[in-house]
Amino acid sequence: MSRKNKKSLDAIETWIGADTSFVGNISTTKSIRVDWKIRESAMKKIAGICLGNYKHNDSFLKYFNNKFYKNLNNQFKEKRSIIIRETCRIISFCIKVQGIFIEKAITNIISHQNIFSIIEKNENKVSMEYATLCILNILRYLKIEKMIDIIFEKKNSNIDLIRILCAKCIFLFLKEYPTFMINEKLNLFYEIFNQFLIDSNAEVKSIIRQAFFEFKKIMPSEAGIYFNSLNKKIQQQIND
């Protein structure tokens with residue numbers, strides 16, 4: 001949604017499960033200017049329904065989680081940055097309003113990894129920035145364990161922006177996720193600390209250093225043992 005549309009967004013108080021024909025407009029693929037207006041209108045309607053049916057409409061939530069997410073996910077295959085931008089905005093808006101009630105849909109979107117491919121293709125700066133913000137918003141508002149596994153899969157990327165994103169995600173995991181989730185994946189966290197503390201990219205190293213101090217806050221004993229296992233040079237880099 002554009003800033004103007006956000007301000008004028010009205011809550012739609014009723015949801016009729018059978019009335020879904022407008023959703024098809026989100027997945028049109030005509031390369032004409034009017035096409036985006038049709039898509040935007042459909043997305044705005046979904047946002048209004050999210051706003052109007054805050055956390056209590058089973059029919060809408062079932063539709064969103066089982067069917068509608070596919071329409072949103074398909075948008076990430078587009079090359080037009082305006083479509084990527086607005087798709088990321090609508091996802092961020094919906095998770096802020098509906099939270100865990102649409103976790104199934106967001107987990108499916110993440111699992112398909114189309115949103116990550118936008119950054120990996122490295123073709124459009126605007127699209128990449130919005131995809132990155134959308135992923136970070138998902139981490140902030142939802143505690144999706146699958147996201148941890150995907151980030152660890154991406155850590156070996158030769159694309160700096162992907163590794164920077166991974167480092168930011170690790171920081172958010174440690175800051176926002178329950179300790180038991182971190183503990184279950186502890187060896188993976190050690191692995192990524194080992195790798196990113198000596199990364200060739202200065203920003204990756206800086207972010208993962210901040211992540212280590214977050215780790216030290218929540219699991220001081222484990223952090224101390226890990227720190228003592230590092231060589232003196234890396235210990236100094238962490239403390240500097």
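Me: What does the side chain of Asn 65 reach at 2.9 Å, and what makes that a polar contact?

Reply: In this predicted model, the side chain of Asn 65 reaches the backbone oxygen of Phe 101 at 2.9 Å. A polar contact is a pair of N or O atoms within 3.5 Å; within protein, one must be able to donate a hydrogen and the other to accept it, and residues adjacent in sequence count only if both atoms are side-chain atoms. The Asn 65 side chain also reaches the backbone nitrogen of Ala 105, at 2.9 Å.

Me: Why is Asn 65 called buried?

Reply: Buried means under 20% relative accessible area, exposed over 50%, partly exposed in between (1.4 Å probe, protein chains only). Asn 65 has 10% relative accessibility, so it counts as buried.

Me: Which residues is Asn 65 in contact with, leaving aside its neighbours within four places in sequence?

Reply: Taking contact as heavy atoms within 4.5 Å, they are Phe 101, Ile 102, Glu 103, Lys 104, Ala 105 and Asn 108.

Me: How do you know that the span of helix H4 agrees with what it should be?

Reply: Helices are DSSP runs (H or I, at least four residues), numbered from the N terminus. The expected span is 1.5 Å times one less than the number of residues. The 18 residues of H4 (residues 81–98) should therefore span 26 Å, and the end C-alpha atoms are 26 Å apart, which agrees.

Me: What makes H4 mostly covered?

Reply: Of its 18 residues, 14 are buried.

Me: And the ground rules?

Reply: Residues are numbered from 1 along each chain as its sequence is written. Local features need pLDDT of at least 70, side-chain atom pairs count only at pLDDT 80 or more, totals for chains, interfaces and linings use all residues, and side-chain values use heavy atoms, with hydrogens and water left out.

Terms used. Helix = DSSP H or I, 4+ residues; strand = E, 2+ residues; numbered from the N terminus.
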